[in-house]
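Please look first at the sequence and the three-dimensional structure shown here.

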Amino acid sequence: MNIHGDRVVLRAVEMGDLAKLQQWANNPEIQFNLGRWHFPLSESALLQWFETFRHDGMDQRFIIENEDHGAIGMTNLVNINWKDRNAFTGLLIGATPLRRKGYGVDTVRTLMRYAFEELGLERLDTTIIAHNEASLRLYTGKCGWIEEGRKARAFFRRNQFHDNVILGITRDRYRACLESGSFS
Ligand SMILES: CC(C)(COP(=O)(O)OP(=O)(O)OC[C@H]1O[C@@H](n2cnc3c(N)ncnc32)[C@H](O)[C@@H]1OP(=O)(O)O)[C@@H](O)C(=O)NCCC(=O)NCCS
């Protein structure tokens with residue numbers, strides 16, 4: 001089942017998406033704003049990643065698609081914990097000319113609707129490298145997420161350490177944002 005937002009559709013990752021994913025994974029500007037340890041990613045490494053996707057409901061990965069532009073990014077719900085009802089999510093609008101057009105916000109709000117209203121999760125988590133103002137504003141300013149803590153000097157990039165900001169949102173807070181009209 002694809003997941004429809006106002007301007008994006010979240011669908012499964014297909015083999016045909018791997019070339020774009022490789023481009024995004026090897027883009028230094030994109031990777032500067034993400035966590036994890038980065039190194040050049042080969043086609044075969046990506047294929048291996050794709051072939052080892054878990055299909056047991058613990059990880060769900062989505063291509064963000066837009067009617068006019070096709071695949072524009074990727075998001076996910078990973079480490080889904082069905083007992084405590086939480087999951088971790090990440091976001092990437094890889095097509096840089098399509099940034100700042102509202103696709104990121106629509107993706108996060110759509111993913112929250114799916115996580116809270118379809119999967120019945122209780123909370124969602126993400127982390128953001130502290131210099132990523134765009135992402136911090138998107139999650140906290142436009143999608144209702146709260147900064148819950150910080151890991152000092154957790155990432156080393158461009159010869160400097162950067163904090164890792166821990167963000168979360170609960171189902172109650174999501175409902176409150178929805179009902180107050182702050183997502184409209
Ligand atoms: C961060 C990212 C997901 C934003 O996606 P986007 O589609 O460009 O964001 P939107 O157009 O939905 O912007 C929503 C809000 O986020 C904030 N924002 C987005 N880009 C911004 C920027 N370059 N500078 C400051 N604020 C920004 C603004 O508050 C914006 O609302 P506004 O346009 O009304 O001011 C995207 O830039 C991206 O994928 N970057 C690289 C990877 C990354 O950082 N991923 C997130 C990791 S946690």
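The text below turns to the sheet, then to the helices, and finally to the ligand.

The model is predicted: local features need pLDDT of at least 70, side-chain atom pairs count only at pLDDT 80 or more, and totals for chains, interfaces and linings use all residues. Residue numbers start from 1 along each chain as its sequence is written.

Helices (H or I, at least four residues) and strands (E, at least two) are DSSP runs, numbered from the N terminus. An open sheet is formed by 8 strands in the order β1-β2-β3-β4-β5-β6-β8-β7, with mixed pairing; two strands pair if DSSP finds at least two bridges between them. At the edges are β1 (3-4) and β7 (146-157), each of which pairs on one side only.

Within the sheet, strand β2 (residues 9-11) pairs with β3 in the antiparallel sense over 3 bridges, and V9 has E65 in β3 as its bridge partner. Strand β3 (residues 60-66) is also antiparallel to strand β4 (residues 70-81), over 7 bridges. Here E65 stands opposite A71 in β4. The strands β3 and β4 form a hairpin with 3 residues between them. A hairpin is likewise formed by β4 and β5, with 4 residues between them, and R85 in its turn has a positive phi of about 60 degrees. The pairing of β4 and β5 is antiparallel over 7 bridges, and T75 has L91 in β5 as its bridge partner.

The helices come next. The axes of helix α1 (residues 18-25) and helix α3 (residues 43-51) come within 10 Å and cross at roughly 115 degrees. Axes are lines fitted to C-alpha atoms, for helices over the stretch in contact, and angles run from 0 to 180 degrees between N-to-C directions. In this contact, L18, L21 and Q22 of α1 meet E43, L46, L47 and F50 of α3, where contact requires C-beta atoms, placed from the backbone, within 7 Å. By class, the contact has 5 nonpolar, 1 polar and 1 charged residues. Ala, Val, Leu, Ile, Met, Phe, Trp, Tyr, Cys and Pro count as nonpolar, Asp, Glu, Lys and Arg as charged, and the others, Gly among them, as polar.

Finally, which residues are closest to the ligand? Of the 23 residues that surround the ligand, the closest are N33, R99, G104, A134 and L138; a residue is near if its C-beta atom, placed from the backbone, lies within 6 Å. Two or more residues of this shell come from each of β5 (86-93), α4 (103-118), β6 (123-129) and α5 (133-142). The largest share, 7 residues, belongs to α5. The shell has 10 nonpolar, 7 polar and 6 charged residues.

Definitions and conventions:
Two residues are in contact if their C-beta atoms, placed from the backbone, lie within 7 Å.
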